[in-house]
Amino acid sequence: MTRAAAAYEAARTEAEQHGIAGERATAQAQRAFVLAFTDPGRADDELALAQQLLTGLDLRATTLTTRIAALVRDAGTDRDVEDRARLLRTDIDTAGLTSADTALDLALCFHHAVRDNRHALATTIARLRERTHTGDYAYYADITHFMGGLPLPAPSPARRLDGEQETRTRWHTLVITRRDHLSSGH
């Protein structure tokens with residue numbers, strides 16, 4: 001996540017240097033999405049910047065990314081995550097952006113894993129698996145299993161740079177860290 005956040009920051013800076021407003025906003029929205037998993041407090045500032053950079057632009061996918069990032073930031077809380085997700089899914093369906101739908105399911109799985117809601121997690125994973133069975137974003141289904149500490153139902157075609165166990169540990173640690181963060185009153 002740290003490397004991804006740095007890469008998106010570099011992309012945003014490069015887009016700024018070249019005066020490409022849309023790329024700058026998109027890189028910032030992706031940065032906010034990544035940091036929402038690791039640092040909800042910092043994600044607030046990153047989301048605010050993304051929204052500022054979107055002012056005057058008509059980038060539906062990027063706008064949806066910022067809304068999904070806000071759900072990730074709020075994962076595990078009582079901040080109407082599931083109701084906001086339902087409204088967001090309607091907007092995503094209207095826009096016809098399948099990739100945003102899978103990112104939304106990833107965010108919801110994170111929320112359910114943090115809350116240890118096994119039933120909701122299984123339901124969302126099943127929906128995500130159905131959407132990704134053709135191969136696009138199939139690794140998201142693996143990630144959701146890792147978040148929940150669940151075994152993969154079958155060998156995965158996804159290849160990981162650090163291997164399955166390290167990737168599994170990394171994603172599950174994000175869930176545990178968020179639970180600890182929330183239980184400490186933050």
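## Pockets and salt bridges

About 170 Å³ of space lies in the second largest pocket of this predicted model. The largest pocket has a volume of about 980 Å³. A search of the whole structure also finds 25 salt bridges, and some of these are described below.

**Second largest pocket**

- The lining consists of Glu 82, Ala 85, Arg 86, Arg 89, Leu 108, His 112, Ala 120, Thr 123, Thr 124 and Arg 127.
- At least two lining residues come from each of helix H5 (81-95), H6 and helix H7 (118-132).
- By class, this lining has 4 charged, 3 polar and 3 nonpolar residues.

**Largest pocket**

- The largest pocket, with its volume of about 980 Å³, is lined by 33 residues, of which Ala 4, Tyr 139, Tyr 140, Ile 143 and Trp 171 are the closest to its centre.
- Two or more lining residues come from each of helix H1 (2-17), helix H2 (21-38), helix H4 (60-73), helix H6 (98-115), helix H8 (138-147) and helix H9 (164-183).
- Sorted by class, the lining has 21 nonpolar residues, along with 6 polar and 6 charged ones.

**Salt bridge between Asp 78 and Arg 115**

- The side chains of Asp 78 and Arg 115 form a salt bridge with an N to O distance of 3.0 Å.
- Asp 78 sits in the loop between H4 and H5 and Arg 115 in helix H6, so the pair links distant parts of the chain, 37 residues apart.
- Asp 78 is exposed, at a relative accessible area of 67%, while Arg 115 is partly exposed at 39%.

**Salt bridge between Arg 131 and Asp 105**

- Arg 131 and Asp 105 meet through their side chains in a salt bridge of 2.5 Å, N to O.
- Because Arg 131 lies in helix H7 and Asp 105 in helix H6, the pair ties together parts that are 26 residues apart in sequence.
- Asp 105 is buried, with a relative accessible area of 0%, whereas Arg 131 counts as partly exposed at 27%.

**Salt bridge between Asp 142 and Arg 129**

- A salt bridge joins the side chains of Asp 142 and Arg 129, at 3.9 Å from N to O.
- This pair links distant parts of the chain, with Asp 142 in helix H8 and Arg 129 in helix H7, 13 residues apart.
- Asp 142 counts as buried at 4% relative accessibility, and Arg 129 is partly exposed at 29%.

**Salt-bridge network**

- Salt bridges link Glu 9, Arg 12, Glu 16, Arg 31, Arg 42 and Glu 46 in a network.

Note on methods. Residues are numbered from 1 along each chain as its sequence is written. This is a predicted model: local features need pLDDT of at least 70, side-chain atom pairs count only at pLDDT 80 or more; totals for chains, interfaces and linings use all residues. Side-chain values use heavy atoms; hydrogens and water are left out. On a 1 Å grid over the protein atoms alone, a cavity is a set of points where a 1.4 Å probe fits but cannot get out, and a pocket is an open set with protein on both sides within 12 Å along at least five of seven lines; lining residues have an atom within 4 Å of a point. Grid points are joined across faces, edges and corners, and a volume is the space filled by probe spheres set on the points. Helices (H or I, at least four residues) and strands (E, at least two) are DSSP runs, numbered from the N terminus. Ala, Val, Leu, Ile, Met, Phe, Trp, Tyr, Cys and Pro count as nonpolar, Asp, Glu, Lys and Arg as charged, and the others, Gly among them, as polar. A salt bridge is a side-chain nitrogen of Lys or Arg within 4 Å of a carboxyl oxygen of Asp or Glu. Buried means under 20% relative accessible area, exposed over 50%, partly exposed in between (1.4 Å probe, protein chains only).
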